[in-house]
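Hi everyone, thanks for coming. Let me put the structure up on the screen, and then we can walk through it together.

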Amino acid sequence: MMMMRRVAALGLALSFISVHLTGQCHGQLQVGFYKGKCKFDVESIVRGVVEAKFITDKTITAALLRLHFHDCFVHGCDASILLEGSNSEKTAQPNLSVRGYDIIDAAKAAVEFFCPGLVSCADIIAMATRDSVLLAKGGWYNVQTGRRDGSVSSAQDVNLPSPSFNIPEAVAAFASKGLDVTDMVYLLGGHTVGLTHCSFFQDRLYNFQDTGKPDPTMDATLLSMLRQRCPQNSAGTNTTFLDQNPSSSFTVDNSFYQQILMHKGVLQVDQELALDPITKSIVATIANGKDFSYNFGRAMVKLGAVQVLTGNQGEIRRDCRSVNNPSNSSSNSNIEE
């Protein structure tokens with residue numbers, strides 16, 4: 001079964017890419033880590049897979065941003081979210097709607113074909129995410145590489161910031177990962193290409209904080225539209241864009257901040273960014289500035305350096321969905337089959 005999946009992923013990858021034959025650092029990560037280690041350009045291989053997928057599905061930018069964030073916020077950026085298992089991170093409630101695994105599988109298969117045993121799944125996530133941001137007109141940023149893959153993946157360890165967090169709670173969650181307030185505001189700007197299910201904000205439409213009334217900070221026109229999209233007694237499975245500017249739904253830019261300044265934030269935490277004294281001046285600066293792409297890239301680099309494994313730590317997985325030697329892994333009990 002695993003061999004069939006690898007063959008299928010490789011076939012998908014090779015159909016996606018045309019391979020050319022031709023710093024700055026956090027810890028032991030560095031830009032260009034793979035340069036000279038393989039006669040093929042690792043980053044170009046990954047980029048070819050992402051570009052081909054983006055042509056048919058522009059939502060992959062949001063999917064990969066979310067996958068990268070959800071991975072880094074648990075055990076650090078170690079690709080633990082990719083591991084399969086009956087109790088792995090994938091099975092935790094916040095991760096049930098995470099997408100993008102097929103893209104990582106395809107990129108890994110392509111990289112393994114040309115540079116076997118060299119590139120970690122964790123690095124592929126970081127590179128693929130950067131490439132998707134660039135394709136969504138978010139600008140280029142250099143990705144530091146040299147991560148190793150982890151072997152622990154447990155649903156019980158998944159403790160992500162909630163969409164209903166207030167700003168002090170969100171600041172504390174990001175600070176626990178070494179990210180400051182400015183980093184947080186820029187990283188939440190990834191919502192500029194995001195989608196969310198009604199279930200994550202339905203309380204704001206009908207019974208905000210058990211008042212029996214809608215959130216008074218929400219724009220009245222937006223409230224009316226979202227109530228049509230998300231009826232009160234519905235299952236909450238419908239979706240809506242987090243950036244309410246229809247011309248910017250698939251573009252990584254500062255439109256999201258402009259929308260929340262007009263009280264058009266969909267998630268509670270997004271709207272509070274523009275209202276809380278801790279963050280509102282940062283939001284205003286970003287909304288009115290022209291350097292969002294540069295600073296968003298800097299924040300993504302910091303996110304990508306959270307609790308990484310480097311050197312002899314971890315491993316380079318052959319298959320992103322499983323550790324290389326499950327029977328010899330000290331964390332095997334955390335990856336239940």
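Predicted model: local features only at pLDDT ≥ 70, side-chain atom pairs only at ≥ 80, totals over all residues.

Residues are numbered from 1 along each chain as its sequence is written, and side-chain values use heavy atoms, with hydrogens and water left out.

The pairing is 1-4, 2-3, 5-8, 6-7. A disulfide here is a pair of cysteine sulfur atoms within 2.5 Å, and by that rule there are four disulfides.

Buried means under 20% relative accessible area, exposed means over 50%, and partly exposed is in between, using a 1.4 Å probe and protein chains only.

Next, Cys72 and Cys77 are joined with an S to S distance of 2.0 Å. Their S-S torsion is about 120°, so this disulfide is right-handed. Both Cys72 and Cys77 are buried.

Then there is the bond between Cys198 and Cys230, whose sulfur atoms are 2.0 Å apart. Its torsion is about -65°, so the Cys198 and Cys230 disulfide is left-handed. This pair also links distant parts of the chain, 32 residues apart, with Cys198 in the loop between strand E3 (195-197) and helix H8 (202-206), and Cys230 in the loop between helix H9 (220-229) and strand E4 (239-241). Cys198 and Cys230 are each buried.

Let's step back to the chain as a whole. The protein chain has 13 helices and four strands. Of its 337 residues, 55% are buried. The chain exposes about 14,900 Å², with carbon and sulfur atoms supplying 53% of that; the areas come from the Shrake-Rupley method with a 1.4 Å probe, and for residues only the protein chains shown count as cover.

On to helix packing. At what angle do H4 and H5 pack? Helix H4 (residues 101-114) and helix H5 (residues 121-135) pack at about 115°, with their axes 10 Å apart. Here the axes are lines fitted to C-alpha atoms, for helices over the stretch in contact, and angles run from 0 to 180 degrees between N-to-C directions. Ile104, Ala107 and Lys108 of H4 make the contact with Cys121, Ile124, Ile125 and Ala128 of H5, where contact means heavy atoms within 4.5 Å. Those residues divide into six nonpolar, no polar and one charged. In that scheme, Ala, Val, Leu, Ile, Met, Phe, Trp, Tyr, Cys and Pro count as nonpolar, Asp, Glu, Lys and Arg as charged, and the others, Gly among them, as polar.

While we're on H5, have a look at Met127, which lies in that helix. Met127 is buried, with a relative accessible area of 0%. Leaving aside neighbours within four places in sequence, Met127 is in contact with Val42, Glu43, Val46, Val119, Val143 and Thr145. Met127 and Val46 are 81 residues apart along the chain, yet their C-alpha atoms are separated by 7.1 Å.

Last topic: backbone torsions. Most residues other than glycine have a negative phi. His263, however, has a positive phi, near 65°. His263 lies in the loop between helix H10 (255-261) and helix H11 (268-273), and is partly exposed at 32% relative accessible area. Gln307 also has a positive phi, near 45°. Gln307 is found in the segment after helix H13 (292-303) and is partly exposed, at 44%.

That's my tour, so over to you for discussion!

Conventions:
Helix = DSSP H or I, 4+ residues; strand = E, 2+ residues; numbered from the N terminus.
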